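Subject: A structure for you to look at

Hi,

Here is the structure I promised to pass on.

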Amino acid sequence: MPVDTAKSQAQWERFRYCIERGHYEFVQKADKCDKFFAGDQWDPSDLSNLKAQRRPALTINKIISTVGTIMGEQIFNRNEVLYRPAAGATVGTADALTKVWMQIAQRNQLQWVRSDVFADGIIRSRGFYDVRMNFDEAMQGNIDIDILNSKNVVIDPDAEQYDPDTWNDVFITKWLTPDDITLLYNAEDGEYLRHNNSGMFPYAYDSIETARDRFSGTTLQGTYYGQPETLALQRNIRTIERQYRKLDKQEHFVDHKTGDMRPVPAGWDRERIASMLAKTDGSISVIKKLCKRIRWCVTADNVVLHDDWSPYKHFTVVPYFPYLRHGRTTGVVENLLGPQELLNKVSSQELHVVNTTANSGWKIKTGMLKNMSIEELEQGGSQSGLVLELDDVNSAEKILPNQTPNGLDRISDKAEGHIKTISNVSDSMQGFDREDVAAKAIQYKTQRGSQNQAKVLDNLERTDYLLARNVMDLVQEFYTEERVIHVTHDDVMKEPETITVNQQDPETGDILNDLTMGEYNIVITSTPFRATLEDSQFEQAMEMRREGIQIPDSVLIENSRLMRRADINKQMAGDKNSPEAQAAAALKQRSDEAMVAKLEAEVGDKRADSQLKLARARKDGADSADANGEPIEITKMKMEHQLKQQAQAQEMDFKEREFQQTLAQKKEMHDQEMRMMREQASIAAEAAETKARDSRLEAMEKPEESTE
């Protein structure tokens, strides 16, 4: 786009307004927290003073181990996103949408991106995702989920809620080379900015940046290795991307039955809207409504690179805040800075006291020292075996060291205690409990420690919900064509899945797994880390097996930590199409049918005998009758018949259970026999191969007979 100084200056002024109202303070805090996490915990002026005084400056980094424990809690407790049907959606389409989410998460390696965002949150107090479409690899487009540098995201200073849908605007600032601008926007703007040696007022001092977060740290100015650096390599241009809400009249679909309204996608033309209305038989119409839409403007220096309506329903930024109180974000590390500084200073002071105790100094009369100078005594006065040559024995005196202040050693213990108390990370969570503490007590204290981190993890789950919501809206907006989704499960026992979405049925014309229609609810469930879950499942299955519950062997193998579990289960199951397996299955079926026929015959015989006795009783009935006029003998026979029926039912139930146990035992014996047969066949094959190999070796070693 052409140079537009007025619009660029207006955007810059809004950008400066936002960063001067809280963002600078956040950047300073984030820099300090990053340094403390990395172990750079001393102020440069303090270090220089201590160095001049020849005093130690220790760094005992307790923050990285404490934060590492919290990161471990997050890694070992993953969240799973599920979509459930709401209005106008089916269960099958909701399952397809869940599979699409799994494919997007796998493509973007979301489990590691999520951990990085969580680390930014607990260290700096702010972490951010960036969710947008990418058309570089596919014409249909794919959803990209990236991590943003939280120091480059400027939030609306008037916002105070967690959800970005309540913010007025958000800025994302980046440093791009002219080649990047040419690739992302257009070549004309890239060449203009490449040859623009200075920025326009009033943002010249900040529009060209050469120092930022990178592997090399702060970039040096001027020349490198004696060679001047070219302008194209040295110059990085600040681009300011602003997403803000602006009033506009936008077309909406209106459902006359429910009254629900939904914005018409920006890319839909009149023909597509008319086709959509024709399918609804007049139940949906289109109206124009005044609403807030997202405007997207990108500037670099005095050049407007992009200015148009955003194609997305939400901001591309998805935040994570460990703690949020009315616009004030708080992390974990910032409250540990004071105790960490206290620990470093007290430990350094303790070491200084020990050093001064070992080398407390000397008192020497002038001119009495013969074998060394005063400077040499100063350097080596604390060495073992020191010999002083003096004119007078009483002319040298060792200065008594100062006593170690009482309680100095306890201050460092208090500092460590403060770090544990403030971070809610106990010795049990770090695995540092004493050996005499019971295992149940350790487990209980670990669970209590995890509960202390509940708010931090709950806000992460809230971020997962916002991320799943934004991804779902992007899917419904841009995943409109037929796609084949491939999903690879983490469980090695599950085969990869392939599902087709937005597929048109050639017979009925209906769209199968239509992702563009319907509303869905988002369910976030917490799932333990895969290895931890498998260990727990295996222990429970083994305990049930020990209690007598017939847990199949395949279930135990599936939940074990064995390598190639799927292959082991397949080998145990054997080839079901082999002649031996088919013969065993036929024999088992015939045995089951014979057993059932026998039980039915026994029941029929007993029922016939009972009916015969009842008929005889009625024929030979006594004259006496009960209150209902029926002979007493007949009444007795009926009662006996009912008792016999109950006994027969109990006997049938017992025999059925016995039959099932017998079948299970026969199956287990059959499986063992099949395994033994396979092992014997394998052993025989190995023996035959060994015999053949020995025969060949013997033939090769035997000398050839003489032909004379």
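Below is what turned up, starting with how to read the values.

This is a predicted model, so local features need pLDDT of at least 70 and side-chain atom pairs count only at pLDDT 80 or more, while totals for chains, interfaces and linings use all residues. Residues are numbered from 1 along each chain as its sequence is written, and side-chain values use heavy atoms, with hydrogens and water left out.

Let's start with salt bridges. A salt bridge here is a side-chain nitrogen of Lys or Arg within 4 Å of a carboxyl oxygen of Asp or Glu. Searching the whole structure gives 24 of them.

One of these joins Asp34 to Arg124, with the closest N and O atoms 2.9 Å apart. Asp34 is in helix α1 (residues 5-38) and Arg124 in helix α5 (residues 110-124), so this pair links distant parts of the chain, 90 residues apart. (Helices are DSSP runs of H or I with at least four residues, strands are runs of E with at least two, and both are numbered from the N terminus.) Are the two partners buried or exposed? Asp34 is partly exposed, at 23% relative accessible area, whereas Arg124 counts as buried at 9%. For these words, buried means under 20% relative accessible area, exposed means over 50%, and partly exposed is in between (1.4 Å probe, protein chains only).

Next, Asp464 pairs with Arg114, and their closest N and O atoms are 3.0 Å apart. Asp464 sits in helix α16 (residues 454-478) and Arg114 in helix α5, so the bridge ties together parts that are 350 residues apart in sequence. Both Asp464 and Arg114 are buried. There is also a network: Arg14, Asp156, Asp169 and Arg242 are joined by salt bridges that share partners.

Then there is Glu416 with Lys62, where the closest N and O atoms are 3.9 Å apart. Glu416 belongs to helix α13 (residues 408-423) and Lys62 to the loop between α2 and α3, so this pair ties together parts that are 354 residues apart in sequence. Glu416 is partly exposed at 26%, and Lys62 is partly exposed at 29%.

On to the rings. The whole structure has seven aromatic pairs, meaning rings of Phe, Tyr and Trp (its six-membered ring) whose centres lie within 6.5 Å; planes under 30 degrees apart are stacked, over 60 edge-to-face, and the rest tilted. Phe128 and Phe321 make an edge-to-face pair, 6.2 Å centre to centre with 85° between the planes. Phe128 is in strand β2 (residues 127-134) and Phe321 in the loop between β12 (317-320) and β13 (323-325), so the pair ties together parts 193 residues apart in sequence. Phe128 is buried at 0%, and Phe321 is buried at 2%. Elsewhere, Trp12, Phe15 and Phe171 form one aromatic cluster.

Charges sit over rings too (NZ of Lys or CZ of Arg within 6 Å of the ring centre and within 35 degrees of the ring normal). Arg242 lies over the face of Tyr244, 4.0 Å from the ring centre, and the charged end of Arg483 is over the ring of Tyr479, 3.7 Å from its centre.

How many disulfides did the search find? Zero, in the whole structure, counting pairs of cysteine sulfur atoms within 2.5 Å. As for the cysteines, Cys18 is buried at 1% and Cys297 is buried at 3%.

Cheers
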